[in-house]
Amino acid sequence: MTTKPSSAPWVDEPFHLITTPSTYLSDPHSYVHVASDMAHAHNVIIRGLNTIIQQAPHVPTSTEKTYNAKDVKDLLFYVHSWCKMVGHHHWVEESFIFPEIEKVAGQPGLMDNPHHQHELFHGGMEKLLAYSQATRPEEYRWSGPSGMKEIIDSFSKDLTGHLYDEINVFLGLKNVDRNIGMLYDVFPVVLGCADKTYECGHPFPPLPWIMPYLVKYWFGAGNGAWRFNPCDWWGRPRPLAFVRQTE
Ligand SMILES: [Fe+2]
């Protein structure tokens, strides 16, 4: 449940937030973990969209007495930043997370549906990004034929529908849970114990170059166990965290 700062409209509407799966599934399994992490990321996107929809209509335009060019400039930069953030999320999924999930699940095409859904809102998002970059503050309008509302309305339902659906795709990974679990335990310990400098260097483990990044920023993030690893995610030796340093 959202803790609203006041009774005024906030960013839990018009598009509702996702209930984190770990709050209603007591199952301590990896697919619940992946789905919950994805729910957090998607709620960031949904709050950002609601933020724009709640406030942009009330930022005075150049036709109004209270118009302040800086307010519009800041709003457009906010929109630009949100578009880039959403684009980055889907780029990471398409380039790294989806292929990796399909590989560990041993099911090519498993993530085809969310991948295709990306195409439904991609054009609209590009248009909004272009609008936020090219519009001069005095030209900014919320409503009307060339306003920002029309662009957002053209893709917001497809985008949010996708953000809701994708959580169910991850929740459907229950039957490949054991393989996915390896991304959270086996891979981080392998990467952290594979000293790539040993005996002048060995290219082990034979994992895709992206794996250290995925483990660092996604699957291994926030887990203190990896402090015990003797190497960083790229196989570079580092001092042990829990050893007493000798003088
Ligand atoms: Fe996602």
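A salt bridge is defined here as a side-chain nitrogen of Lys or Arg within 4 Å of a carboxyl oxygen of Asp or Glu. By this criterion the structure holds eight salt bridges. The model is predicted, so that local features require pLDDT of at least 70 and side-chain atom pairs count only at pLDDT 80 or more, whereas totals for chains, interfaces and linings use all residues. Residues are numbered from 1 along each chain as its sequence is written, and side-chain values use heavy atoms, with hydrogens and water left out.

The protein chain contains seven helices and zero strands, where helices (H or I, at least four residues) and strands (E, at least two) are DSSP runs numbered from the N terminus. The order of elements from the N terminus is accordingly α-α-α-α-α-α-α. The C-alpha trace of the protein chain spans about 70 × 50 × 35 Å along its principal axes.

At the interface, seven residues of domain 1 are in contact (heavy atoms within 4.5 Å) with six residues of domain 2. Buried area is taken as the accessible area (1.4 Å probe) that two parts lose on being put together, summed over both. Between domain 1 and domain 2 it amounts to about 700 Å², with 85% on carbon and sulfur atoms. On the side of domain 1, the most area is lost by Phe-96, Ile-97 and Glu-100, which together account for 59% of what that side buries.

Helix 1 (30-55) and helix 2 (69-105) are the elements that give two or more residues to the side of domain 1 that touches domain 2. Helix 2 contributes the most to that side, with four residues. The residues of this side comprise four nonpolar, no polar and three charged, where Ala, Val, Leu, Ile, Met, Phe, Trp, Tyr, Cys and Pro count as nonpolar, Asp, Glu, Lys and Arg as charged, and the others, Gly among them, as polar.

Seven aromatic pairs are found in a search of the whole structure. Rings of Phe, Tyr and Trp (its six-membered ring) pair if their centres lie within 6.5 Å, and planes under 30 degrees apart count as stacked, over 60 as edge-to-face and the rest as tilted. The ring centres of Phe-96 and Trp-209 are 5.8 Å apart and the planes stand at 85°, so this pair is edge-to-face. Because Phe-96 lies in helix 2 and Trp-209 in the loop between helix 6 (186-193) and helix 7 (211-219), the pair ties together parts that are 113 residues apart in sequence.

The loop between helix 6 and helix 7 also holds Pro-205, and the peptide bond from Phe-204 to Pro-205 is cis, with omega near 5°. Glu-199 is placed in that loop as well and has a positive phi of about 50° although it is not a glycine. A further cis peptide bond runs from Glu-13 to Pro-14, with omega near 5°; Pro-14 lies in the segment before helix 1.

Within helix 2, Asp-74 and Lys-70 lie four residues apart, about one turn of the helix. Their side chains meet in a salt bridge (2.6 Å, N to O).
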